[in-house]
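I opened the model and went through it step by step. These are my notes.

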Amino acid sequence: MDEEFAPEPDPSSGGAGDGERRLNIHLDPADIAGVYANFANISFSRYEFTLTFARIEHEVEEGDVPGAVVSRINASPRFFEELMAALQDSWSKYQTTEGIRNLPETPGP
């Protein structure tokens with residue numbers, strides 16, 4: 001499955017007069033459902049950030065907690081900064097949506 005994404009225009013690129021670019025990203029049908037993670041670890045060096053996502057068993061009372069890594073992503077500091085901004089923007093939109101959805105109803109006259 002191929003999907004097209006239209007990224008936000010880059011203000012430093014000179015505006016709409018430049019050619020428009022669209023990402024054409026292939027999504028393998030086997031990966032369409034994604035993977036579930038309930039744990040993440042972030043490590044970094046001068047050159048990259050590494051995000052490790054895992055699924056762990058929370059019900060373990062003591063001893064080793066079993067888990068399995070489901071994905072690991074290495075990214076440049078610039079990409080990681082852009083990812084954090086996108087996550088913060090999405091989180092803000094999510095909170096606004098949930099806040100509106102959870103407003104108490106006012107009794108009618």
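**Ground rules.** I am working with a predicted model, in which local features need pLDDT of at least 70, side-chain atom pairs count only at pLDDT 80 or more, and totals for chains, interfaces and linings use all residues. Residues are numbered from 1 along each chain as its sequence is written, and side-chain values use heavy atoms, with hydrogens and water left out.

**Whole chain.** I looked up the elements first. The chain has one helix and five strands. Helices (H or I, at least four residues) and strands (E, at least two) are DSSP runs, numbered from the N terminus. Read from the N terminus, the order is β-β-β-β-β-α.

Next I checked burial. Of the 109 residues, 6% count as buried, meaning under 20% relative accessible area with a 1.4 Å probe, protein chains only. The accessible surface comes to about 9800 Å², by the Shrake-Rupley method with a 1.4 Å probe. Carbon and sulfur atoms hold 55% of that surface.

Then I took the contacts (heavy atoms within 4.5 Å). Among those with a separation of 6 or more, 29% join residues 24 or more positions apart.

**Sheet.** I traced an open sheet of three strands, ordered β3-β4-β5, with antiparallel pairing. Strands pair if DSSP finds at least two bridges between them. The edges are β3 (39-44) and β5 (67-75), each pairing on one side only. Neighbouring strands are turned by 20° against each other on average, direction ignored. Axes here are lines fitted to C-alpha atoms, for helices over the stretch in contact, and angles run from 0 to 180 degrees between N-to-C directions.

I followed β4 (residues 49-56) on both sides. β3 meets β4 over six antiparallel bridges, and the two form a hairpin with four residues between them. Eight bridges join β4 to β5, again antiparallel. Which residues stand opposite Ala54? Phe39 stands opposite Ala54 in β4, and Ala54 stands opposite Val69 in β5.

**Helix.** I turned to α1 (residues 77-101). The helix lies across β3, β4 and β5. Its direction makes about 55° with β4.

**Aromatic rings.** I searched the whole structure for aromatic pairs and found three. Rings of Phe, Tyr and Trp (its six-membered ring) pair if their centres lie within 6.5 Å. Which residues form the aromatic cluster? Phe44, Phe49 and Phe80 form one cluster.

Terms used: Rings of Phe, Tyr and Trp (its six-membered ring) pair if their centres lie within 6.5 Å; planes under 30 degrees apart count as stacked, over 60 as edge-to-face and the rest as tilted. Buried means under 20% relative accessible area, exposed over 50%, partly exposed in between (1.4 Å probe, protein chains only).
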